[in-house]
Amino acid sequence: MLDAEYARRIQTGGGFVQPVLLIGGRVAGTWRLTRRTARAGQAARATLTVEPFTALPAGSADGLAAEAADIGRFLGADVTLEKVET
């Protein structure tokens, strides 16, 4: 599920485990969500940042966009998907 070479990027120490990106049943990277609360006249916003370990497989972009949209519906926020290039 997780290649040993990436284990330290998931388990960073102190008991903390980073949220992981699963593609095809394998850990393919990490992700984080940065939220900004709604302000007068503006909707709540969030940025979903994905940090893949290697280049992602073709076709994974659609799945990531769908997940970002699901998070947005759950939070009631506009979610922007951001991918950190490897």
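## Thr49 in strand β5

Thr49 is buried, at a relative accessible area of 3%; buried denotes under 20% relative accessible area, exposed over 50%, and partly exposed the range in between (1.4 Å probe, protein chains only). The residue belongs to strand β5, which covers residues 45-52. Strands (E, at least two residues) and helices (H or I, at least four) are DSSP runs, numbered from the N terminus.

The side chains of Thr49 and Glu82 are joined by a polar contact of 3.5 Å. Such a contact is a pair of N or O atoms within 3.5 Å; within protein, one must be able to donate a hydrogen and the other to accept it, and residues adjacent in sequence count only if both atoms are side-chain atoms. Leaving aside residues up to four places away in sequence, Thr49 touches Thr30, Trp31, Arg32, Glu82 and Val84, where contact means heavy atoms within 4.5 Å.

## Basis of the model

This is a predicted model, in which local features need pLDDT of at least 70 and side-chain atom pairs count only at pLDDT 80 or more, whereas totals for chains, interfaces and linings use all residues. Residues are numbered from 1 along each chain as its sequence is written, and side-chain values use heavy atoms, with hydrogens and water left out.

## Strand pairing

Strand β4 (residues 26-36) pairs with β3 (residues 20-23) in the antiparallel sense over four bridges; two strands pair if DSSP finds at least two bridges between them. Within this arrangement, Ile23 has Arg26 of β4 as its bridge partner. The β3-β4 hairpin has two residues between its strands, and Gly24 there adopts a positive phi near 60°.

Strands β4 and β5 also run antiparallel and are joined by eight bridges. Gly29 has Pro52 of β5 as its bridge partner.

## Val20 in strand β3

Val20 lies in strand β3 and is partly exposed, its relative accessible area being 29%. Its C-alpha atom is separated by 6.1 Å from that of Trp31, eleven residues apart along the chain. With residues up to four places away in sequence not counted, Val20 touches Ile10, Val27, Gly29, Thr30 and Trp31.

## Aromatic pair

The structure holds one aromatic pair. Tyr6 and Phe53 form this stacked pair, with 4.2 Å centre to centre and 10° between the planes. Rings of Phe, Tyr and Trp (its six-membered ring) pair if their centres lie within 6.5 Å; planes under 30 degrees apart count as stacked, over 60 as edge-to-face and the rest as tilted.

The pair links distant parts of the chain, 47 residues apart: Tyr6 is in the segment before α1 (7-10), and Phe53 is in the loop between β5 and α2 (60-75). Both Tyr6 and Phe53 are buried.
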